[in-house]
Amino acid sequence: MDKKKVSQAQRRATDKYLEKLDEVKVRLPKGQKAVIKAHAEAHGESVNGFIGRAINETIDRDNAQSE
C-alpha cells in the first residue's frame, strides 16, 4: 500500500492543532471498544466525541451532587 506524502505545511498545521490537545490512553476489556463505537455511531457521534461527552456529563453530575 502506497503511503501518501504529507507536505511540510500540512505537518506544521497538524502539529499546531495537536499542541492544543491532551491525549489520554484508555484500556478496556476486549469487546468494549466495539460496544462504545456502535453506541457513538447510533447517536451520530465519533468515539472521541462520545467519550468526551460522557466524561463531561459525569463530572457535571458529580459536581452537582456534591453541592
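**Notes on the predicted model**

1. Ile51 is partly exposed, its relative accessible area being 33%; in this scheme buried means under 20% relative accessible area, exposed means over 50%, and partly exposed lies in between (1.4 Å probe, protein chains only). Ile51 belongs to helix 3, which covers residues 47-66. Helices are DSSP runs of H or I with at least four residues, strands are runs of E with at least two, and both are numbered from the N terminus.

2. The model is predicted: local features need pLDDT of at least 70, side-chain atom pairs count only at pLDDT 80 or more, and totals for chains, interfaces and linings use all residues. Residues are numbered from 1 along each chain as its sequence is written, and side-chain values use heavy atoms, with hydrogens and water left out.

3. Ile51 also takes part in a nonpolar surface patch with Val47, Ile55 and Ile59, and the accessible area of the four together is about 300 Å². A patch is made of residues with over 30% relative accessible area and no salt bridge, where nonpolar side chains (Val, Leu, Ile, Met, Phe, Trp, Tyr) are joined within 5 Å and like charges within 9 Å. Accessible areas come from the Shrake-Rupley method with a 1.4 Å probe, and for residues only the protein chains shown count as cover.

4. Three helices and zero strands make up the secondary structure of the protein chain, in the order α-α-α from the N terminus on. The radius of gyration is 17 Å, well over the 11 Å that the globule rule gives for 67 residues, so the protein chain is more spread out than a compact globule. That radius is taken over C-alpha atoms, and the globule rule is 2.2 Å times the number of residues to the power 0.38. Along the principal axes, the C-alpha atoms fill a box of roughly 50 × 30 × 25 Å.

5. Of the 67 residues in the protein chain, 4% are buried. The chain exposes about 6,800 Å², and 52% of this area is supplied by carbon and sulfur atoms.

6. The protein chain carries 14 positive and 11 negative side chains, and the centres of the two sets lie 11 Å apart. Lys and Arg count as positive and Asp and Glu as negative, while His and the chain ends are not counted. Each charge is placed at NZ of Lys, CZ of Arg, CG of Asp or CD of Glu.

7. Side chains of opposite charge can pair when their charged atoms come close. The count comes to four salt bridges, a salt bridge being a side-chain nitrogen of Lys or Arg within 4 Å of a carboxyl oxygen of Asp or Glu. One of them joins Arg11 and Asp15 at 2.7 Å, N to O. These two residues are four apart in helix 1 (residues 8-18), a separation of about one helical turn. Arg11 is partly exposed at 40% relative accessible area, and Asp15 is partly exposed at 34%.

8. Glu45, Arg53 and Glu57 are linked in a network of salt bridges. The closest N and O atoms are 2.9 Å apart for Glu45 and Arg53, and 3.2 Å apart for Glu57 and Arg53. Glu57 and Arg53 both lie in helix 3, four residues apart, or about one turn of the helix. Relative accessibility is 21% for Glu45, which counts as partly exposed; Arg53 is partly exposed at 31%, and Glu57 is partly exposed at 42%.

9. Glu57 and Gly44 are 13 residues apart in sequence, and their C-alpha atoms are 17 Å apart in space.
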